[in-house]
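Colleague: I would like to learn how to read a structural model step by step, and I would be glad if you could take me through one.

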Amino acid sequence: MPVAAYVIIGVVVVLAIILFVLYNGLVRLRNQVKNAWAQIDVQLKRRYDLIPNLVETAKGYMKHERETLEAVTKARNLAQQLSSAGAGERAKAEGELSSVLSRLLAVVENYPDLKANQNFLALQEELTSTENKISFSRQFYNDSVLRYNNQTQMVPSNIVAGMFGFKASEFFEVTLTAEREAPKVSFT
Amino acid sequence: MILIGYFLGLYFFDSAIAGLLIAILVWVVLSLIAYFQGDSILLSMSRAKKIRRDDHPRLYNIVEEMKIASGLEKMPDIYIIDDPALNAFATGRDPKRASVAITSGLLQKLNRDELQGVIAHEISHVKNRDVLLMSMCSILLGTIVILAWYGSRIMIFGSMTGSRRSSSSGGGGQGQAIILIISLVFIILAPIMAQLIYFAISRKREYLADASAALYTRYPEGLASALEKLGASTGQLKSANKATAPMYIINPFRKKGMKASDLTSTHPPISERIRILRAMAGASFNDYDQAYSKVHGGTGVIPAASLAAETVPITTTKLEGEAGEPTELQRARETSDVMWRLGNYKTITCDCGAKLRVPPNFREPTIRCPHCGRTHQV
């Protein structure tokens, strides 16, 4: 075989390897984005499960906070209904839920009996941690989306992304202004 | 190390290959042990006890939060070391088999945000694969020290009895002498150089883990304030040893008044780490790098590949002493409850408020409260 044939074969092999590497990198990032999204979902569901228990425990002690408790339950039910809706609507409902929850946990300070209840303290720790996990998983999701989107837009991987239809992902933004400003009361 | 092996072999066996083989064999065996058993050896050496979620929900939750923030695939195992000293370490050869251990003293002293910072620092070690890197480095260092030590012993011994080999081979007396001198120099210098390089790598990885912790928590103040508490304590960890030192969050052997530019320390000085964390304008690697050059001068503490130009804001919503945060006294009680439980003691809370700790070998069906005299079923 002439030298030229070897050269051509070599170039093709090298190109194929580069293609594989770029493609696999994109797949890995896309899966990371998917996993990160699933993680947010897990934590949001966990919050739906925790709230009824918390409200039930708090009800006996917080006679004067009926409205706050009802608002929490309402926001939770709304958020759960919207959990299959689009990301924008969902983010709004979840933001609303976060802000009524922080209001509830702020007034807990006025009820020393409730604060002495072991069951409530355990629930509060779980809920606090779940709130943290939601924001950390959102943070990781957005970081992953940023990395993935950069990869789909930058040369040379954008060529591979275009060839195989890797589309840019959406960020999970907190659209509600209330959630951005309100948390003067953090319950960490 | 290869050079040491080479000259050892050349001098004693008249064959460089034999020396090289010794060096490589020792290294491979040690690496394999460290690779497969390193984490369990380390954990049992430090007498760490594994906890489950129910034992300490808050600690478990904090670790899980940091696992999520760092994107680790698997939840690391959590261990507690019963020691009043304040320290923590991470181990495990890859992110899928990681463990985090903290002392009971730390669990009492730190509040939630501080604990989060410390755990984030440890998870960063796992995520950056520092555990593997540092254990390989320490094996390399150990092998060099062992070989150099044996080399010096054999040389002293050999020079006393008169080397048979050099007389039997005859002729090249001058060549032998040169090789002897070169190998001596290597035997003396190599361990020192290796140690300095090892310490430098270790310090760099500490800075990187601090930067990652700030990025994961978005709250550098948490780690800074934890380091402040750690720095103020003087207790030394009993179960630490030199080989495991780089894995801890602060140097377990540190003494008061250590110099800032100490070349022989596995960790950067705590005060400097705190100042860097507090000088950060945002929470990204970039901000850490800038803060580092402001405090320390020079750049390049973070590998260039992981520097991104993006800005990451610091969380400002965290306030000290908020609702639901247990006080230090409550944390101390909580921690001692966990430690008794891990020792298989049963805890009975009497109606008078006293807590009875029943040892695992207690055989009687009932126990009397020494405080008020009520009897309890065991």
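This is a predicted model: local features need pLDDT of at least 70, side-chain atom pairs count only at pLDDT 80 or more; totals for chains, interfaces and linings use all residues.

Colleague: Then let me begin with confidence: what is the mean pLDDT of chain A, and where in chain A is confidence lowest and where highest?

Modeller: The mean pLDDT of chain A is 83, with 91% of its residues at 70 or more. Confidence in chain A is lowest in helix H7 (residues 177-181), where the mean is 41, and highest in helix H1 (residues 3-59), where it is 90. Over residues 175-188 of chain A the pLDDT stays below 50, and in the model this stretch has 36 contacts beyond near neighbours in sequence.

Colleague: Let us turn to chain B: in what order do the strands of its open sheet of four strands lie, and which strands stand at the edges?

Modeller: The order in this open sheet of chain B is S1-S2-S4-S3, and the pairing is mixed. Strand S1 (48-51) and strand S3 (88-91) of chain B stand at the edges and have a single partner strand each, so one side of each is left without a neighbour in the sheet. Neighbouring strands of this sheet are turned by 25° against each other on average, direction ignored.

Colleague: How do S3(B) and S4(B) pair, and which helix packs on the sheet?

Modeller: S3(B) and strand S4 (residues 99-103) of chain B pair in the antiparallel sense over four bridges, and B:Ala90 stands opposite B:Val100 in S4(B). Helix H5 (residues 112-127) of chain B packs on the sheet, where it touches S3 and S4 of chain B, and its direction makes about 25° with that of S3(B).

Colleague: What do S5(B) and S6(B) form?

Modeller: S5(B) and S6(B) form a hairpin with five residues between them, and B:Gly353 in the turn has a positive phi of about 100°. Strand S5 (residues 346-349) and strand S6 (residues 355-358) of chain B pair in the antiparallel sense over four bridges, with B:Ile348 opposite B:Leu356 in S6(B).

Colleague: How should I read a helix, and which residues are buried in H9(B)?

Modeller: An α-helix has 3.6 residues a turn, so residues three or four places apart point the same way. Helix H9 (residues 220-232) of chain B has 13 residues and reaches 19 Å from its first C-alpha to its last, close to the 18 Å expected at 1.5 Å a residue. Among the buried residues in H9(B) are B:Leu223, B:Leu227 and B:Leu230.

Colleague: Finally, where does A:Lys167 lie, and is A:Lys167 buried or exposed?

Modeller: A:Lys167 lies in the loop between helix H6 (157-164) and H7 of chain A. A:Lys167 counts as exposed because it has 11 C-beta neighbours inside 10 Å, and a residue is exposed if that number is 12 or fewer. The C-alpha atoms of A:Lys167 and A:Asn149, which are 18 residues apart along the chain, are separated by 8.0 Å.

How values were computed
Residues are numbered from 1 along each chain as its sequence is written. Chains are lettered from A and ligands numbered from 1 in the order in which they are written. Two strands pair if DSSP finds at least two bridges between them. Helices (H or I, at least four residues) and strands (E, at least two) are DSSP runs, numbered from the N terminus. Axes are lines fitted to C-alpha atoms, for helices over the stretch in contact, and angles run from 0 to 180 degrees between N-to-C directions. Two residues are in contact if their C-beta atoms, placed from the backbone, lie within 7 Å. pLDDT is the predictor's confidence in each residue, from 0 to 100. The expected span of a helix is 1.5 Å times one less than its number of residues. A residue is buried if 20 or more other C-beta atoms lie within 10 Å of its own, exposed if 12 or fewer, and partly exposed in between; C-beta atoms are placed from the backbone.
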